[in-house]
Amino acid sequence: MSTNPKPSGSTLGETSKPGLKRDSRNYDDGVDDDDNLPIKKTRTMDNPDHDHDGKTILALDVKPLAIVEADTPKLSRQFWKAGDDKEDEPVPRYCSNDAAVRVHPQFLHANATSHKWALGALAELLDNSLDEVCNGATYVHVDSTTNEKDGSSILIVKDNGGGMNPSRFRECLSLGYSRKRNMANTVGQYGNGFKTSTMRLGADAIVFSRCRGTNGNNATQSVGMLSYTYLYETRKCEAIVPTVDFELVDNNWKEITYNSTDEWFDNVDTIVKWSPFLSQQELFEQFDYLDEQGTRIVIYNLWEDDEGKLELDFDTDPHDIQLRGVNRDEKNIEMAKAYPNSSHFLTYRHSLRSYVSILYLRLPPNFRIILRGKDVEHHSLLDDMMMTEDKTYRPVRSLEWSTDEDMVASLKIGFVKDAHHHIDIQGFNVYHKNRLIKPFWRVWNAAGSDGRGVIGILEANFIQPAHNKQGFERTAVLAKLENRLREYQKAYWSSRCHEIGYARRRKPKTNETETISQRDHKSDVPSNRVNNDKGSFSASAPAVGKRNFQDVTQSSLVGRNLDNGLKNAKHGHVTSFNETVSLTQAAELQKVKDEAAKQVAELQRQNTQLKSQLKDLKIKIQDLEKSQKVKDVLAKRLKVSQARNRDFEKSQKAVTDIFQEERARRDVTEDALRKKIREASDVIDSLTMKANSLEAEKAYCKKVHMHLH
């Protein structure tokens, strides 16, 4: 059975509102309107002084939720000032004599201040919709409309996920309740995202949700209002969220009452009064926008900046939602046009479309994110990288991690494709469970140009994200990851920065020390001292880094020749030690010279090749310069042609104006001539009539004259 029958052929973008069958029952204190929607009327009761059928209207005796002062305070429209109470405004009094602990309304605002960045708050709502993929969600649509009460803008987030039954609906509007805490493929775990995000974007929000019946239960739909304006201006002493629920019975929506029907209608009246909708009927018509299941969030009274303008910019781009203020940099916007591979780095801070395109590492198949009627195209930052290298980070397991956590993070590191322009773009994009937590995280703040152009991508599921999902909790695990990423970036930059036009860097000292220790360990240079009658000879290993390769070779050879000389002396050969050393040393030196000559010849050959390549490059540069000159000439000709075209257009316009003036004069002249012709024609007609009259009189006179004679 369909909970919301739709006409055939309806699509996502259509705004048709099919009628819903609602409760058709009669109530003692209310009747149904034309759409079978329960509408509250003033209650009546029997008067003992009248007949049984007589009714007397009595005032509705309803206990107020809180004390409302005579002078109603007004909530500031600026987010960072909305939590401040003015000295001359009344303070809400305690509502009850019981000892219950309550959540003050200002906690809603204080809780929302965890979102310093408005687009981060919007991303929380997208996370909730993406988590509904397991319940059949195929899209989430972020759009805007106009508040008919005051003409202000309204933000709408709608998906076709599984929706919420009344129980889950109240959990969603409660603080700190989450069913996603231990789910593997969801980011949410604190039960705080919906409240903080909606209150960060606007002062008030209304949620409509429809849920299919499962396990033999009927389908339900609910509406609830989380309104800071209502709580603040009525001076409530605790956070109150009015909600109403419906149940589909026999294809009719019937209200679900928990305590009394009066309470149900009171909640409806409160929602209508503080909502952007003009009537109860218009409020309930919002359910018509939902499919058989789904959720629709309406955020209104959006926050303003210090200049009185909306923090969210709906006007600059009809298919985007952008931010005003410090997050918007016009210089970066212009650079993004010149460097398309760096556009996300330059625009994600102020453009929701840019941010959402990289928000998820992977999107589920057939899931669409629609922003103001246009699909957001998913973008992989790997497409913006070149000269990539793969790294694997395996942190040392500590007691704070569970045994089932994935302790491996695969890292892609490389240069952005615009790096040869030497623009200052760098940082690592760290994802957690498919969600971007730290975009372009700058871990190396080096002086000068070191590190520019290096970006990376990794998914670290072993680090806990912060409550606002715009960073990670500062733990020892995060500090270790940050240090390791810094080392990766330094090593990559030092080894490859010359490939994009920077000067070649020296190797890091740590690597240099390791190389030296390895070389010292492998090289075993003997140190001998021999005494004879003619003097002493000492051969010692030279200090590494102080002498060249020939010095080391000579010292080694002296030690070997020393042993050979002693052996010859033992066998009775009468050969001078010094002569033996000199001859052998000369032979070895000759070999070294030959090797050096070969190396020199090879270097000369390479030098010749490089000169040839340089010559070719010079020729290509000359060709490019010629092409540039031709381009400049053509550009000048184009400018001249454009100037001539403008002059021609001006002349043509002048001629057209003259022609129009002449035509206007001609029309005036023609009108005057036509008028004169009409006047002459009238005179001619008058004269003709007079002539005819005279002719008739003349003929009559003739007849009379003939008759007389």
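Predicted model: local features only at pLDDT ≥ 70, side-chain atom pairs only at ≥ 80, totals over all residues.
Local features need pLDDT of at least 70 and side-chain atom pairs count only at pLDDT 80 or more, while totals for chains, interfaces and linings use all residues. Residues are numbered from 1 along each chain as its sequence is written, and side-chain values use heavy atoms, with hydrogens and water left out.

The chain contains 14 helices and 22 strands. Helices (H or I, at least four residues) and strands (E, at least two) are DSSP runs, numbered from the N terminus. The chain has 709 residues, of which 38% count as buried. Buried means under 20% relative accessible area, exposed means over 50%, and partly exposed lies in between (1.4 Å probe, protein chains only). The accessible surface of the chain is about 42100 Å². Carbon and sulfur atoms account for 51% of this surface. Accessible areas come from the Shrake-Rupley method with a 1.4 Å probe; for residues, only the protein chains shown count as cover. Contacts (heavy atoms within 4.5 Å) were also examined. Among contacts between residues at least 6 apart in sequence, 67% join residues at least 24 apart.

Helix H2 spans residues 118-131 and has 14 residues. From its first C-alpha to its last, H2 reaches 21 Å, close to the 20 Å expected at 1.5 Å a residue. The expected span is 1.5 Å times one less than the number of residues. In H2, 13 of the 14 residues are buried. In H4, 9 of the 9 residues are buried. Among them are Gly193, Phe194, Lys195 and Arg200.

Leu175 has 33% relative accessibility, so Leu175 counts as partly exposed. With Val103 and Phe107, Leu175 forms a nonpolar patch on the surface. Together, these residues have about 220 Å² of accessible area. Patches are made of residues with over 30% relative accessible area and no salt bridge; like charges are joined within 9 Å, and nonpolar side chains (Val, Leu, Ile, Met, Phe, Trp, Tyr) within 5 Å.

The structure holds 26 salt bridges. A salt bridge is a side-chain nitrogen of Lys or Arg within 4 Å of a carboxyl oxygen of Asp or Glu. One of them joins Glu330 to Arg328, with the closest N and O atoms 2.9 Å apart. Glu330 is partly exposed, at 46% relative accessibility. Arg328 is also partly exposed, with a relative accessible area of 23%.

Helix H14 (residues 577-708) includes Arg665 and Glu662, 3 residues apart and therefore separated by about one helical turn. Their side chains meet in a salt bridge (2.5 Å, N to O). Arg665 is partly exposed at 46%, and Glu662 is partly exposed at 44%. An α-helix has 3.6 residues a turn, so residues three or four places apart point the same way. In helix H14, Arg666 and Glu670 are 4 residues apart, so about one helical turn separates them. A salt bridge joins their side chains (3.7 Å, N to O). Arg666 has a relative accessible area of 45% and is partly exposed. Glu670 is partly exposed at 29%. Elsewhere, salt bridges that share partners join Glu389, Lys391, Arg496 and Glu499 into one network.
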